[in-house]
Amino acid sequence: MHGEGTRQPNADAVCAIPVDELPDGVVVTDRDGYVVVYNKAAERITGVRAVDAIGRPIADALPFRDADGREWWKWLDPQGGLRIRTRMPERSLHLPGGQEVLVAARFVREPARCGDVVRVVVTLRDALARARLERSRADLVSTVAHELRSPLTSVKGFTATLLAKWDRLTDDQKRVMLETVNADTDRVTRLITELLDVSRIESGRLEIHRQVVDIPERARRLIEGRVAAGEPADRFRLVVRGELPEMWCDQDKIDQILGNLLENAVRHGRGTVTIEIEPIEWGVAVSVRDQGEGVAPELAARVFRQFWRGNKRRRGGTGLGLFIVKGLVEAHGGTITVQQAPGGGAEFRFTLPTGAPDFA
């Protein structure tokens, strides 16, 4: 008896899923080691075509060797060894051309317990993708350490000075030190917030709480905030074209998207920063333009990656802002692109669907 909302899985439907739809490479051999299944991911990862692999011994089709030069299939020896063996953990192997592949294997036995091996299921993963992920994690640690060191050193230095020399410092000196400590703790808080956003985006745990949002008003408030902080008012221009539909979005995340794009335009661009908002067939399009050097076409694909910083000579920022912007836009069901602005400079354009309330 199954509770409401549950049902027995359809075994036939599960078994009918084509292996070509799987993201990992899958190779299946019969009891004699001849390849009987070889999916498209395996072709992509190894560079060996299915027509050149199926029907051949796997040792010939995929002559993997380990770091010591040993032939993988020979020492795997599915038919030999202990009859309780069921798998080979993932390990790094190489093809004759030097290509590195992460390979794991499972032995299918009949009967399942201590029976003969009737099939070997081999899974393949791209070692380069794993290496890129590990480099990304190393970059993240390095970036966090670098970005935290400066403000924490400042906080430690000023608090130590205040504690040691409080009676000898003037009120103005104390105020300057405390203002610096306050600004540096804000910087640390922003970094931690960005890291949490990155984690939520990558894990798919980003939550969108929808309400009616007046996007032009949010842009206007952000501009007013920058002007109040000392930016010249004529640095910014807000243009609203046509009648906008009612937009159901997450207001905090819209502020974050617009704020990051404004910050990027001010930091990396020059001249007037223009925000243009206009209706489209299914929602709203927002463009943020500056009059700086722009983004070279060959770099456009990299702009939304983690740690992209544009002009390396200009310090500041973690290189996570545009990655977060893309994640927030896509979480709303929208898209974002970067191109050359009509008058020069960079133009970031994102589109958002009208959305629907959370309780709909």
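**A walk through a predicted model**

Let me begin with two strands: strand 3, residues 87-94, pairs with strand 4 in the antiparallel sense over 6 bridges, where strands count as paired if DSSP finds at least two bridges between them. What we are looking at is a predicted model, in which local features need pLDDT of at least 70 and side-chain atom pairs count only at pLDDT 80 or more, while totals for chains, interfaces and linings use all residues. Residues are numbered from 1 along each chain as its sequence is written, and side-chain values use heavy atoms, with hydrogens and water left out. Helices (H or I, at least four residues) and strands (E, at least two) are DSSP runs, numbered from the N terminus.

The structure holds 0 disulfides, a disulfide being a pair of cysteine sulfur atoms within 2.5 Å.

Turning to the aromatic residues, a search of the whole structure finds 3 aromatic pairs. Rings of Phe, Tyr and Trp (its six-membered ring) pair if their centres lie within 6.5 Å, and planes under 30 degrees apart count as stacked, over 60 as edge-to-face and the rest as tilted. One of the pairs is F64 with W72, which is edge-to-face at 5.8 Å centre to centre and 85 degrees between the planes. Both F64 and W72 are buried, and together with W73 they form one aromatic cluster.

Now to the helices, where helix 6 covers residues 171-203. How far apart are its end C-alpha atoms? They are 48 Å apart, which agrees with the 48 Å that its 33 residues should span at 1.5 Å a residue, since the expected span is 1.5 Å times one less than the number of residues. Its buried residues include K174, D184, E194 and D197 as well as M177 and L191. After helix 6 comes G204, whose phi is positive, near 75 degrees.

In helix 7, residues 215-228, we find R220, which is partly exposed, with a relative accessible area of 36%. The side chain of R220 makes a polar contact with the side chain of E217 at 2.9 Å. For such a contact, a pair of N or O atoms lies within 3.5 Å; within protein, one must be able to donate a hydrogen and the other to accept it, and residues adjacent in sequence count only if both atoms are side-chain atoms. R220 and L238 are 18 residues apart in sequence, yet 7.3 Å apart in space, C-alpha to C-alpha.

Technical notes: Buried < 20%, exposed > 50% of the residue type's maximum accessible area, 1.4 Å probe, protein only.
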